[in-house]
Amino acid sequence: MIGLLIVTHGRLSEALLESAAMLVNDTDRVRAVSFLPGQGIEDLSNAVRGALDELADNDGILAMVDIPGGSPARVVGGLTLERPGLGLVTGVNLAMVVEALMARQTVTLSELVDLVLRSGRDSIGDLASAI
């Protein structure tokens with residue numbers, strides 16, 4: 001199974017995980033890390049490292065962050081160089097988290113990255129104009 005790490009500004013990571021748990025029961029080996037006001041990069045880095053250590057016994061870890069270039073992306077991005085088997089995608093949304101939870105037991109890390117990216121793109125649309 002592939003471990004999942006969600007890292008975002010504010011408590012978005014926690015809310016995404018809580019919401020995804022309403023749709024998918026299996027949230028084992030998933031960690032949410034929140035970068036809160038008043039915290040520094042070192043605090044975030046320590047929290048991310050701790051979460052990655054907790055997920056280390058998996059068949060890889062997929063990290064999902066909110067904004068490309070933001071602090072969560074930079075911290076996790078730097079750790080991808082140190083930790084083989086750590087994937088990273090940006091733009092996390094609920095559809096991506098649900099897709100990752102449903103597929104992570106049956107695919108490789110690179111396949112999961114592709115599925116999650118496609119799910120994220122496919123979940124964005126203008127429904128009002130489609131009616």
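**Buried Arg-104 and the fold around it**

Arg-104 has a relative accessible area of 0% and is therefore buried, a class that comprises residues under 20%, with exposed residues over 50% and partly exposed ones in between (1.4 Å probe, protein chains only). The structure is a predicted model, in which local features need pLDDT of at least 70 and side-chain atom pairs count only at pLDDT 80 or more, while totals for chains, interfaces and linings use all residues. Residues are numbered from 1 along each chain as its sequence is written, and side-chain values use heavy atoms, with hydrogens and water left out.

Arg-104 is placed in the loop that connects helix H4 (94-103) to helix H5 (109-122); helices (H or I, at least four residues) and strands (E, at least two) are DSSP runs numbered from the N terminus. When residues up to four places away in sequence are not counted, the contacts of Arg-104 include Met-1, Ile-2, Gly-3, Leu-4 and Leu-112, a contact being heavy atoms within 4.5 Å. Also among them are Asp-26, Thr-27, Asp-28, Arg-29 and Val-30. A polar atom of the Arg-104 side chain lies 2.5 Å from the backbone oxygen of Asp-28. Arg-104 also forms a salt bridge with Asp-26, with 3.4 Å between the closest N and O atoms; the term denotes a side-chain nitrogen of Lys or Arg within 4 Å of a carboxyl oxygen of Asp or Glu. Because Asp-26 lies in the loop between H1 and S2 and Arg-104 in the loop between H4 and H5, this pair ties together parts that are 78 residues apart in sequence. Asp-26 is partly exposed, at 22% relative accessibility. Arg-29, located in the loop between H1 and S2, has a phi near 60 degrees, a positive value in a residue other than glycine.

The whole structure holds five salt bridges. One of them joins the side chains of Arg-31 and Glu-54 at 2.5 Å, N to O, and links distant parts of the chain, with Arg-31 in strand S2 and Glu-54 in helix H2 (residues 41-54), 23 residues apart. In another, the closest N and O atoms of Arg-83 and Asp-53 are 3.0 Å apart. Arg-83 lies in the loop between H3 and S4 and Asp-53 in helix H2, so this pair ties together parts that are 30 residues apart in sequence.

Overall, the chain comprises six helices and four strands, arranged along the sequence as β-α-β-α-β-α-β-α-α-α. Its radius of gyration, 14 Å, is close to the 14 Å given by the globule rule for 131 residues, so the chain is as compact as a globular protein of that length. This radius is taken over C-alpha atoms, and the rule is 2.2 Å times the number of residues to the power 0.38. Of the 131 residues, 42% are buried. Among contacts between residues at least 6 apart in sequence, 74% join residues at least 24 apart.

Helix H4 has Met-96, Val-97, Val-98, Ala-100, Leu-101 and Ala-103 as its buried residues. Their cover includes strand S1 (3-9), H1, S2, strand S3 (61-65), strand S4 (86-89) and H5.

Key
Polar contact = N/O pair within 3.5 Å; in protein donor to acceptor, adjacent residues only side chain to side chain.
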